[in-house]
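Please open the model in your viewer and keep the selection tool at hand. The stops below go from aromatic rings to a helix contact.

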Amino acid sequence: MNNLSQEGLADWSGPILQGALTTLEIAVLAYAIGLLLGLIGASARLSPWAPIRGLGILYSTAVRAVPELLLIILLYYAGSQALTALTNAMGFSGQVSINGFVTAVGVLAFVQGAYMTEVLRGAILAIPRGQLEAADAFGFSAWARFRRIVVPAMLPNALPGMSNLWLILIKDTALISVIGYSELFFTIQQAASSTRAHFLFYAAAGVIYLAMTLSSTALFARLERYLRRSQPTTEEA
């Protein structure tokens, strides 16, 4: 590594670190909102009422069929135009723009919710029917049954899929660079273009993303072992 590359890396280390933190902020918020949307979507998919079940199917199917990049561009540009037209129609003048951070969290959470819907639905369907019938027999309310029976029985089965969705989400934050928001990948692009040290900075980005995913994988593996601590192992079964 020559002196110019070393100086460039030193100059950009602060912005790159800030970009990495922004990436994690976007991912954590989008994942939390996506988990909530997934719970709502899974409940809708399993609803005994056909209209609600149809809405759940429409949400999970339609959102998973549309590329995330297209949704980001639509919300950022078309969404801003729609809000501007709406405010102008209400008598307010001026241009309304949607913040890049809001766009990132909103779109990624919306997409995560669709995938999370299917992960949670499958995990709920894997719960032995007898456990739910026993809860009903003991007079559990719907909320008590969900909190004390469904969630503890669902999480061990859902966690591998939830882990995969988190890892995908971390990488999908790079799509936000198309609207010029300063997350990790956009900052790396700026650094590589200004210093011409493309290999150095893109390799650094790969190392940072790898560190994020490996640490996340270790955390999810530890959490899964904790949740399965009371379940019999293969040898015991």
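**Aromatic rings and a helix pair**

Select Tyr76: at 22% relative accessibility, Tyr76 counts as partly exposed (buried is under 20% relative accessible area, exposed over 50%, partly exposed in between, with a 1.4 Å probe and protein chains only). This is a predicted model, in which local features need pLDDT of at least 70, side-chain atom pairs count only at pLDDT 80 or more, and totals for chains, interfaces and linings use all residues. Residues are numbered from 1 along each chain as its sequence is written, and side-chain values use heavy atoms, leaving out hydrogens and water.

Now look at ring pairs across the whole structure, where a search finds five aromatic pairs (rings of Phe, Tyr and Trp, the last by its six-membered ring, with centres within 6.5 Å; planes under 30 degrees apart are stacked, over 60 edge-to-face, the rest tilted). Select Tyr59 and Phe110: the ring centres are 5.2 Å apart and the planes at 55°, so this pair is tilted. Tyr59 lies in helix H2 (residues 50-65) and Phe110 in helix H4 (residues 100-125), so the pair ties together parts 51 residues apart in sequence (helices are DSSP runs of H or I, at least four residues, numbered from the N terminus). Tyr59 is buried, at 17% relative accessible area, whereas Phe110 is partly exposed, at 40%.

Return to Tyr76 and Tyr77: their ring centres are 5.0 Å apart and the planes at 85°, so that pair is edge-to-face.

Finally, show H2 and H4, which pack at about 125° with axes 9 Å apart (axes are lines fitted to C-alpha atoms over the stretch in contact; angles run from 0 to 180 degrees between N-to-C directions).

Key
Helices (H or I, at least four residues) and strands (E, at least two) are DSSP runs, numbered from the N terminus.
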